[in-house]
Amino acid sequence: MAEPPSRLGSMMFPWRKISVVLLTSGLLLSSLPTSAFAVDTVQPGTGAPNGPAFTPPEDPEVIKDARSILRGMEPSSSNNAMVYFDQNQVNFKSFISLEKQGAGQAGAGGAITCLTPEDPKCVSALADSSFQQIKYDVAMGSCDARQIAACIKSLTLIKDDGTKVKAVPLTRIYSKTSPGWASTFNSKTNSGYPGSDGPWIWRVNDGGKSTDYLILGLVSALFNRPSGTSNWDASEKSLRLSIYPVKKFESPMLVEGSNETGCLAVDTGVCYQRIAFASNLRFALDLRIPKVITGWLNGRLEKPVAYTENYNDDYSELIVEASPLEEIMTGKWLANTGAVSKYLDESRRGLTAGAGKNLDIAGVDPDDQSAVRYYSSMATLFNNTALTNSLTWRLNTTSSGAQSFATSCQKSDGVQGIVTSNASVYEPGSPKWDGNEGSLAYKIAAPTYKPDGKTENVGRYAFTMRADLIKCVYGMSTLPAYANIEVTYDGSGEKKTATVVLGSNKDWVNLHADNFMYTGAPPTVSVKLDGWAKSTSATTTKTPSNTGNQAVTPSPSAGKVTITCIKGTTKKLVTAVKPQCPSGYKMQNTAAPAAQQVQVTVTCTKGTTKKTVTGIKPQCPAGYKMSSATPVNAPTAPEQPAAQQPEAPANMPAPNAPAPQFDPNADITITCTKGAESKQVTGKSPVQCPSGYQMKPMGPGQQPNAPAPQFDPNADITITCIKGTESKQVTGKSPVQCPSGYQMKPMGPGQPGVPGQPLDPNQPGPPMQPAKQ
């Protein structure tokens, strides 16, 4: 499904009667890296109506897909190619196809296509052993209408204040072109067809206002049926899922199931068009899926939390809660020479072009197995600028999304994990395991700037996976409370690291990293668990000489250490057995005295026994679980020489009273309530309460020991970044970082609650502590 753009100003609007689409589609990879049989196979009843094509009129509120945008920007010159990375269109209706061939072989007798398994043509073909290839698209409807099926069990909207509003299935669409069928699927043999239906419209009623959601769903699979066997060998399988806000355009000229420009779906007399998401919403989705869907999923989700439950022998349920994520979409008309010509030949996209002086062709799915490579080969041609950015809620799994773990940790049953990013392109499947470094790595790529060419895109990354799987991969019987996120940039080798809390929910773990930068070279995001060490007895870790109290950090890789090198405002991390800084760089002393680092006291429980542990990253003793955490008051920072202070405005304190700074890496603690029950949650900002809990407002504090004023971990904060005489402001969720080469300007001494002065998330109320160096 093509993911159209959104203007930033249209993301927020008052509640009114609108519609939202939840698109779930299946897509199988064919020999072309483009699309699946869901696109290539002509389905019954999907042809355009007789007469001229009908296109809804232009509407500034409607969000267009990348291809539609580029069609409006076609250059006057010739021999240019449309190149973009966006979800390709698929049909969202059920059908079955049988062929007399094996996967990847040339057709020997064509395909028989049916709307239902009861169609006599498909009944005969299924009984004929010469039909060895079986394909199906299974549309996902409401589980209330058909329980034993691939379906949507529930859809829930979660508002900014934590209020949950459940949607109800209202109206079914595609009744003629996707009638559906009963389940005959057997997970043990992979034979039979999962139960199917048609899309439904779901409605949320909230305070007298209604919002509609259209669920278009598809699970797709391609099987080989060897002669003489009853088992079906699934060579391709796929699930795709998205949530889109939509509005209706009505006209008697619109025919059910037709493909109209600017319409996400067309029912009789109705075109559903995409519009922007309202702000500050999360969605909880409960899916029932056949157990043929396994492995890893990816997509566009902000801070996802997920887990799976068993439904019966043939179906499982996947529960996902997440916010929409701003997707960075890249695309442009490019001259058909050099790297572009090579891309067209290799991807075979040039074969899909119609008549005309320029090549109007299909794009590449962001999760295509070659997407990162294609993007990298043409990155400089996009002017390092996105075509459009839009909030998107999408979840995919593709057959190319294999797991990269050791055989002993390979899981073949059910969904194992979800990895998400807002990048233009990303690797499909699971993060790649590096046993030497102890990291799960994921390569992504996106341009530095938004469509305006000035505002920088902010990197987002998150994953959630089964706890038993990550324990197996890391060889740990107990998972730590923290993980390190490392972003490494190709070419320069620059690395940026942050420590994050490793959350858990129903035997799944989750984490997220925000506010890293995209550059011309694709970054690799790696996750490393605290406490991991490579299992080896032959190698010992050696630490190089460290004069002058310079910082040397042991690396998880045996025998390697990491040092920080500086050259002016530029920093680089170098990891090696005997690391040395590049020419012109000096090793930086980044080791702050322990007394100046933010310490946290955690409460550990074991039955009725409680213990408290204090430290920089405290750990509970074996057998205990962390139940709450509270930052410890940090000591007053020592005075800094005036010469080290950057140029300050008039309202800043004198050099003898150093300016307080906001530490974006420190942990904060919030209190969450649910009726009379309360619990404390500690982590990096923004910290969120568990599902069903609300954050307890803090009292107004005027003294350091008084009750703290309220700190909203989800609110935007603004910092000022300087580079010589140049300055710019950067706004976002904490932690906010300055662009490369810039330094954060010290902030003035603000009283809590004074507009424009950020609060210290470590000690709300007291003066802010100096940032970590």
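**Which residue does a disulfide join to Cys-114?**

The partner is Cys-122, with an S to S distance of 1.9 Å. Here a disulfide is a pair of cysteine sulfur atoms within 2.5 Å. Both Cys-114 and Cys-122 are buried, where buried means under 20% relative accessible area, exposed over 50%, and partly exposed in between (1.4 Å probe, protein chains only). The link is right-handed, with 100° about the S-S bond.

Before going further, a word on the source. This is a predicted model, in which local features need pLDDT of at least 70 and side-chain atom pairs count only at pLDDT 80 or more, while totals for chains, interfaces and linings use all residues. Residues are numbered from 1 along each chain as its sequence is written, and side-chain values use heavy atoms, with hydrogens and water left out.

**The chain as a whole**

Let's step back to the overall picture. The protein chain has six helices and 45 strands; helices (H or I, at least four residues) and strands (E, at least two) are DSSP runs, numbered from the N terminus. The chain has 773 residues, and 52% of them count as buried.

Contacts tell you how the sequence folds back on itself. A contact means heavy atoms within 4.5 Å. Among contacts with a separation of 6 or more, 68% are between residues 24 or more positions apart.

**More of the disulfides**

A search of the whole structure finds four disulfides. As a reminder, a disulfide is a covalent bond between the sulfur atoms of two cysteines. Besides the link already described, one of them is formed by Cys-263 and Cys-271, whose sulfur atoms are 2.1 Å apart. This link is left-handed, with -110° about the S-S bond. Cys-263 is buried at a relative accessible area of 12%, and Cys-271 is buried too, at 0%.

Another disulfide joins Cys-409 to Cys-472, S to S 2.1 Å, and it is left-handed with -90° about the S-S bond. Cys-409 lies in the loop between strand E22 (388-397) and strand E23 (415-421), while Cys-472 lies in helix H6 (residues 467-474), so the pair ties together parts that are 63 residues apart in sequence. Cys-409 is buried, with a relative accessible area of 4%, whereas Cys-472 is partly exposed at 29%.

**A covered strand: E12**

Strand E12 (residues 218-224) is mostly covered, with seven of its seven residues buried. In a regular strand the side chains alternate between the two faces of the sheet. In E12, Leu-218, Ser-220, Leu-222 and Asn-224 point one way and Val-219, Ala-221 and Phe-223 the other way, and all are buried.

Two strands pair if DSSP finds at least two bridges between them. Strand E5 (residues 133-139) runs antiparallel to E12 and is joined to it by seven bridges; one of these links Val-138 with Val-219 of E12. Strand E13 (residues 233-250) also pairs with E12 in the antiparallel sense, over seven bridges, and Asn-224 has Asp-233 of E13 as its bridge partner.

**Two buried residues to look at**

Arg-394 is found in strand E22 and is buried, at 1% relative accessibility. Its side chain makes a polar contact of 3.3 Å with the side chain of Glu-327. A polar contact is a pair of N or O atoms within 3.5 Å; within protein, one must be able to donate a hydrogen and the other to accept it, and residues adjacent in sequence count only if both atoms are side-chain atoms.

Tyr-585 sits in the loop between strand E35 (570-576) and strand E36 (586-587). Tyr-585 is buried, with a relative accessible area of 16%. Leaving aside residues up to four places away in sequence, Tyr-585 touches Cys-565, Ile-566, Lys-567, Thr-570 and Lys-572. Of these, Thr-570 is 15 residues from Tyr-585 in sequence and 8.9 Å away in space, C-alpha to C-alpha.

The chain averages a pLDDT of 75, and 71% of the residues score at least 70; pLDDT is the predictor's confidence in each residue, from 0 to 100. Over residues 629-662 the pLDDT is below 50, and this stretch has 68 contacts in the model beyond near neighbours in sequence. Residues 748-773 also stay under 50, with 57 contacts beyond four places in sequence. Where pLDDT is low, the predicted coordinates should not be read in detail.
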